[in-house]
Amino acid sequence: MNGDLMDEETDIFDIMAKTSPAMQENLDVLNPEQLEATIHEGSPLLILAGAGSGKTRVITTKIAYLIAEQHIAPQSILAVTFTKKAATEMQERAVQIEPRAAHSQIRTFHSFGAWFLRLNADAAGISPNFTVYDDDDMVTLICKANPKLTKQQANHFAHKIALAKDYCFTTDDPRLVQIESEPEFRHIYSTYQARLKDTGNVDFGDLIMLPYLVLRDNEHIRHYMQNRFKVIMVDEYQDSNVAQFLLLQSLSGVNENSGTYVCVVGDDDQSIYKFRGAEIQNILTFKDKFPGTKLIRLERNYRSTAEILQIAGNVVNHNEGRLGKTLRAERGSGKKPVLAFLPNQDEEADFCANLIALSVKNGANYSDWAILYRTNAQSLTFETNFLHKKIPYQVVGALKFYEREEIKDLIAFLKLVANPRDEISFRRIINKPTRGIGAKTQDKIVETARSELLQTSETELAENNPAVSVKIENLAQTALLGLEPEQKDSKQEDVKGSLVKATRAEAQTMSKKAREGATAFVAIIDEALDLLSSTEKEQECTVIPENDKKNLSALIELLAENSGLKEYHAAQDEVTGTQRTLNMQELANSAVPFDCTMKGLLDFLDTIELDRTIAGKENQEDKNRVTLITIHNTKGLEFNRVIMTGMERGIFPRADKDAEELEEERRLCYVGMTRARNELYLTSCSMRRMYGRTEYMDASPFLLEAGAENMKVLGHAPSSFRRASFKGGDYGKNGLSHPDVETDPIKAKYKKGKRVYHDDYGYGIITRTAETDDGEYSITVTFENSGSKSFLPKYQSSSLLVTDE
DNA sequence: CCCGTCGTTATTTTT
DNA sequence: TAACGACGGG
């Protein structure tokens, strides 16, 4: 044993001896690596945490430990995650160990950006009441700024602009050509950015890039923030992008001797968002950017069986350029993963349904199961099949509550109330329902408002800088008290470039019908603002019992009613049988926890804009459902039993992947497999309907990489797979090496004696089974009313239904 | 302004 | 195949 190790161990014993008994209990449950990571201090820390290795436990215990034992002020700890769900879980678990963690900043990257920009709106050149534009809004704004672009082109450029911001390329950056070679791109980006600035709003990319630019260009703010946060932790670091790295770097002051402690946690094998700007180099080169970095690996897996980890590890082992780690299964051995080859996607869905139904009959829950697929389009077959068989399911990520028309309409109203310069929201609702204000009048109003911005922008500029320093002083003072500065409410009437103001002014020149419409519209906004300011005053003057306090749902209900949107969508409900009115009510209900003030409104908008995963109410009730989900969406989740479907070349991995992208697909495969606790199934079809035609499919190369000998193979494997995998083991010729089980799912399904229903011939019984000359399985059905017919079940899965069981 | 029909086009997407 | 957008007629 060398001296270094001795020192380290005595250090650990030393620290443990000083720890309070309460914290000691939390440390006792950690394994040695987890413990080392938890109590590590002094240098930057990179925790390489494999799937299911208990990283959340480490981060949360670490936060608690820092507060309780190292006496770090809770509010000087910043922990960032990528999803709202992860942030909430982290906060809850940290608070459970140490209640003072409630005062720490545990947020998503984007919500941190929003928090930062609200404090520094002036320095960032945006409205303090900004709201966030989503991808659709980006496209609309690009179209308005460049009317000659088609929607498709605008879509393309919106994507590229978002990517440019992920890399933190501003409009004058020469590296923009790396993103998009089209020479017009820089111009389109610039005009979009100018137009966006006029609205006072930001897009998702700005929530990261602007805080970085503000820090870079304002020494005061930078030093204030470096002082404000003495500990910064980042979760899922492998999926951070360049802008996020730059933000972390400047916030931490690593190059300015700030003394801030930085700890990042991630797994390079789970980096799956390169297409959205995630930069795997961030984690691979972390130790170069943060000198003296200590690296700790968490390789003990507490989630999956050894068999599952074996094949997941086999797959990802084919990648080059990893930091490298091997997961050890703490739970030991379990069932061998099953690989089922099926004729087509109808049989695939059937196979899954039968597997699930059988397990439920034997005592499992529907919620034990997850169906994973590469693309959302694949969910449809499962939904149809499960609906028919009455298997309860939920589709994750597809509900898009906030993308529904009626919800977007209401939110547009709310956004315009918050920020009267919001052109996109204004255009969405000014003439909905019809107020006689057509496209031309809208353009005129927008131009009036924008010309006002142009006139005043020079005088504004002169006032801008003093405003920043005043704000910083306020910041410094409030920080001493451990409070965040209060938003001061801006007087909407005075806002430069207000579209509401412009509408009021333009109304005089309009036709009678349009004038009435415009006046009514302005009145709606005014009344909404009145409601907000009246509750604000009430709150200042009197002490009102919690229950009597007006909450933000009152504003939403008022807007829905006054705007005519409620009536408008109720009429739609009548005709189409939709539930729009109900959805609108649902939005109002979700606003109940928020104050009926401008601040409450901004909080609410932040919450819904930065967390689109909240589904409608359907998700709450009856949680015992099968989960249908894309592999991307499963990150951070786990299930007792997982079926990875569509394991075919061209689907997973997708066809058009270069070598580097193939590695990402492989990581995606690894992520999917390691979601499973107890049982893992893989399905692969030999035929698939795609784009209206049926194609022959080949097995996914990942299946061979996983190793056929590590799986129980069912069904008729494609010859490419059989040849390459014929190494004995569990898999024999024609998949018939399990005499105890019928290994061909088709034969198992269409056994002699089964009762079936055919679309054309009605009910019948399978009276004979045989093989054709080509070795295909054929059955003969005797129908009740249509005599006897022979079929190849392989081709009949959707029209020949097995009805018993 | 709304509705029907025709033609086009199909990744993954924490925020 | 199917779903969605664009366009034209009522």
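This report describes a sheet, its packed helices, a helix pair and the DNA contacts of a predicted model.

## Basis of the description

The model is predicted, with local features requiring pLDDT of at least 70 and side-chain atom pairs pLDDT 80 or more, while totals for chains, interfaces and linings use all residues. Residues are numbered from 1 along each chain as its sequence is written, chains are lettered from A and ligands numbered from 1 in the order in which they are written, and side-chain values use heavy atoms, without hydrogens and water.

## The parallel sheet

Six strands form an open sheet with parallel pairing, in the order S3-S2-S6-S7-S1-S8. Helices (H or I, at least four residues) and strands (E, at least two) are DSSP runs numbered from the N terminus, and two strands pair if DSSP finds at least two bridges between them. The edges are strand S3 (105-108) and strand S8 (294-298); each has a single partner strand, so one side of each lacks a neighbour in the sheet. On average, neighbouring strands are turned by 15° against each other, direction ignored.

Strand S1 (residues 45-49) pairs with strand S7 (residues 261-266) in the parallel sense over 4 bridges. Within S7, Val-265 stands opposite Ile-47.

## Helices on the sheet

Helix H3 (residues 32-39) packs on the sheet and touches S1 and S8, its direction making about 145° with that of S8. Contact means heavy atoms within 4.5 Å; axes are lines fitted to C-alpha atoms, for helices over the stretch in contact, and angles run from 0 to 180 degrees between N-to-C directions. Helix H4 (residues 55-68) lies across S1, strand S2 (77-81), S3, strand S6 (231-234), S7 and S8, and runs at about 170° to S6.

## The H12–H13 pair

Helix H12 (residues 206-217) and helix H13 (residues 219-228) have axes that come within 5 Å and cross at roughly 110°. H12 is therefore roughly perpendicular to H13 (65 to 115 degrees; under 35 is roughly parallel, over 145 roughly antiparallel, the rest oblique). H12 contributes Val-214, Leu-215, Arg-216 and Asp-217 to the contact, and H13 contributes Glu-219, Ile-221, Arg-222 and Met-225.

## DNA contacts

DNA strand B is surrounded by 24 residues, the closest being Arg-276, Arg-374, Asn-376, Thr-630 and Arg-654; a residue is near a strand if one of its heavy atoms lies within 4 Å of it. Sugar and phosphate make up 52% of the atoms of DNA strand B within 4 Å of the protein.

DNA strand C is surrounded by Lys-151, Tyr-691 and Gly-692.
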